[in-house]
Amino acid sequence: MKNSLQVEELVLLCDRKGRKYLVKLTSGKQFHTHAGSVAHDSLIGASEGIQVRTNRNASLTVWRPTLNDYVLKMPRGAQVIYPKDSAAILMLADVFTGARVLESGVGSGALSLSLLRAGAYVLGYEIRADFAAQSLENVAGFLDQEAQQRYEVQVRDCYLGIAVDCLDRVILDLPEPWQVVPHAAKALNAGGILTAYTPSILQATQFREACDCKLWAQACTVEILHRNWHIEDEAVRPEHRMVGHTGFVTTVRRLG
């Protein structure tokens, strides 16, 4: 169990209005915000959950970031899969400890982080070398060495084929996931699950049509909406803003 905050550790600083700042603690540095500054040295060695004051007397609460916090604040080269969708993918694709997963369209590594946290071995295909490098950097910035050893990213086009077999899961975040269906059929174990994350329902429909053959069964497409609630004394109502449509999650299973 972690104790005091350490040098080079990531922390999340939260102000009273709910604004969050992801900071890596570095000796001798200062964190600056519109509400003033805080010395990193005043946080190093302190306990998580403390409240500190800036030089302008503004209050900041110090936390270790959750995976949800990190995904929303980490550096990105591509649009990330939102935590609400990553959570759905983990459940609908039934990702388990030790699962052999191919993820194509790695982007900034948001979904990779969730897959690795669940204990999977993840091979990523990404056509852009800069995105591949960013995903590796983001995983290294949050997960430990053991998780990093279960992660490999190759600069490769999944439309041209899958170079491994005996996979438990294939997860696609690609513009044309239907092009991968024949390759996934060869690479997946019987009973394995193929998942496609698509912004458009037309993409989901075309993917479903590509899976409409004797090799696949149990097709399912869902959309996840996320709405917070305001609860303060007797004032109870939905928040005015919500995370609405981001994408559709479609899963199918490989028949034996």
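Me: Which side chains meet in a salt bridge at 2.8 Å, N to O?
Reply: Those of arginine 150 and glutamate 146. This is a predicted model.

Me: Arginine 150, buried or exposed?
Reply: Arginine 150 counts as buried, at 9% relative accessibility.

Me: And what about glutamate 146?
Reply: Glutamate 146 has a relative accessible area of 44%, so it is partly exposed.

Me: How far apart are the closest N and O atoms of arginine 64 and glutamate 48?
Reply: They are 3.3 Å apart, and the two residues form a salt bridge.

Me: Where do those two sit in the chain?
Reply: Arginine 64 is in the loop between strand 6 (59-63) and helix 1 (67-73). Glutamate 48 is in the loop between strand 4 (36-39) and strand 5 (51-53). The pair is 16 residues apart and links distant parts of the chain.

Me: Why does arginine 64 count as buried?
Reply: Because its relative accessibility is 13%, and buried means under 20%. Glutamate 48 is partly exposed, at 37% relative accessible area.

Me: Other topic. What does aspartate 130 form a salt bridge with?
Reply: With arginine 128; the closest N and O atoms are 2.6 Å apart.

Me: What is the accessibility of aspartate 130?
Reply: Aspartate 130 is at 41% relative accessibility and counts as partly exposed. Arginine 128 is also partly exposed, with a relative accessible area of 40%.

Me: How many salt bridges does the structure hold?
Reply: The structure holds 8.

Methods. Residues numbered from 1 in each chain as written. Predicted model: local features only at pLDDT ≥ 70, side-chain atom pairs only at ≥ 80, totals over all residues. Heavy atoms only, no water. Salt bridge = Lys/Arg side-chain N within 4 Å of Asp/Glu carboxyl O. Helix = DSSP H or I, 4+ residues; strand = E, 2+ residues; numbered from the N terminus. Buried < 20%, exposed > 50% of the residue type's maximum accessible area, 1.4 Å probe, protein only.
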